[in-house]
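Here is a short walk through one protein model. Keep the structure open and follow the residues as they are named.

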Amino acid sequence: MSDVPADIYTEPNPINVDTLACLGPLARMAGVWEGRRGLDVKPKAEGPKKQAFHDRIELQPIDPVTNGPQLMYGLRYHQFVTKPDNIKTYHDQVGYWLWEPATGQVIHTLTIPRGQTALAGGLVAPDAVQFELTATQGLDTFGICSAPFLDAAFKTVSFRIQVTFNPDGSWTYDEDTVLKIRGQDELFHHTDRSTLTKVAEPTPNPLARG
């Protein structure tokens, strides 16, 4: 990165400890959300299959994070997904949404219990009503890492997530996970889309509670 300062150790001072006031475009995502009409298009042996789903995402503010002079504010999240009228887990995901005010960069980390993790990023305006983040397999930054089975059978070559903030206060995510499936010549677009409605407010980060 050409904008890395010569001093990579000294932390910024002072720091606003109220994360909820410093989240930029991520401020509208803080809280607990539920979606009742999600749609997943996934690969099956007989071809693409559409699956409806319900999801619940909890996004709670963390204390400010520094890497030397770099300052980021973020939300820790847990996403839990089920099929309609089914209590069995359909998808489970954890990670962070991070905002770096100095650069306008949003970072999205995700980990799933299938042996896969990804780091997506992009530049976003503080008042954006829509933004998009991407990750690409094989890159040192904003990349994708999979355990051996997924890498051999269902290799993820790229990931894109688009977030849209709706006028009614809800927000929508639209994901495209591009897979190289063993035995298939064409890439498969595994897509997920859901609109989320807030069901609970966020809890202030620890430093901001005092």
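**A chain of strands**

The protein chain has one helix and twelve strands. The model is a predicted one. Along the sequence, the order of elements reads β-β-β-β-β-β-β-β-β-α-β-β-β. Of the 210 residues, 42% count as buried. Consider the contacts between residues at least 6 apart in sequence: 55% of them join residues at least 24 apart.

Leu-75 sits in strand β4. Its relative accessibility is 0%, so Leu-75 counts as buried. Which residues does Leu-75 contact, leaving aside its neighbours within four places in sequence? Among them are Leu-23, Leu-26, Met-29 and Ala-30. Leu-59, Gln-60, Pro-61 and Ile-62 are also in contact with Leu-75. For a sense of distance, take Gln-105: Leu-75 and Gln-105 are 30 residues apart in sequence, and their C-alpha atoms are 14 Å apart in space.

**Aromatic pairs**

Trp-97 leads on to the aromatic rings. A pair of aromatic rings is described by the distance of the centres and the angle of the planes. A search of the whole structure finds five aromatic pairs. One of them joins Trp-97 and Phe-131, with 6.3 Å from centre to centre and 80° between the planes, an edge-to-face arrangement. This pair links distant parts of the chain: Trp-97 lies in strand β5 (residues 89-100) and Phe-131 in strand β8 (residues 130-136), 34 residues apart. Trp-97 and Phe-131 are both buried.

How are the rings of Trp-171 and Tyr-173 arranged? Their centres are 6.3 Å apart and their planes meet at 55°, so the pair is tilted. The cut-off matters here: planes over 60 degrees apart count as edge-to-face, under 30 as stacked, and the rest as tilted. Trp-171 and Tyr-173 are buried too. Together with Trp-33, Trp-171 and Tyr-173 form one aromatic cluster.

**An enclosed cavity**

The structure holds one cavity of 30 Å³ or more. The largest cavity has a volume of about 70 Å³. Its lining includes Trp-97, Trp-171 and Tyr-173. Ile-57, Tyr-77, Gln-79, Gln-93, His-108, Ile-161 and Glu-175 line the largest cavity as well. Strands β4 (70-82), β5 and β11 (171-181) are the elements that give two or more residues to this lining. Which element gives the most? β11 does, with three residues. By class, the lining of the largest cavity has six nonpolar, three polar and one charged residues.

**The largest pocket**

Now turn to the open space. The largest pocket has a volume of about 760 Å³. It is lined by 27 residues. Which of them lie nearest its centre? They are His-91, Ile-112, Arg-114, His-190 and Asp-192. By class, 14 lining residues of the largest pocket are nonpolar, seven are polar and six are charged.

**Backbone exceptions**

The last stop is the backbone. Most residues other than glycine have a negative phi, and most peptide bonds are trans.

Start with the peptide bond between Asn-13 and Pro-14. This bond is cis, with omega at about 0°. Pro-14 lies in the segment before β1 (31-44).

Then look at Asp-85, which is not a glycine but has a positive phi of about 60°. Asp-85 is placed in the loop between β4 and β5. Is Asp-85 buried or exposed? Its relative accessibility is 83%, so Asp-85 counts as exposed.

Finish at Phe-142. Its phi is near 50°, again a positive value in a residue other than glycine. Phe-142 is found in the loop between β8 and β9 (144-146).

How values were computed: Residues numbered from 1 in each chain as written. Predicted model: local features only at pLDDT ≥ 70, side-chain atom pairs only at ≥ 80, totals over all residues. Heavy atoms only, no water. Phe/Tyr/Trp six-rings, centres within 6.5 Å; stacked < 30°, edge-to-face > 60°. Helix = DSSP H or I, 4+ residues; strand = E, 2+ residues; numbered from the N terminus. Buried < 20%, exposed > 50% of the residue type's maximum accessible area, 1.4 Å probe, protein only. 1 Å grid on protein atoms, 1.4 Å probe; cavity = no way out; pocket = protein on both sides within 12 Å on 5 of 7 lines; lining within 4 Å. Points joined across faces, edges and corners; volume = space filled by probe spheres on them. Nonpolar A, V, L, I, M, F, W, Y, C, P; charged D, E, K, R; others polar. Contact = heavy atoms within 4.5 Å.
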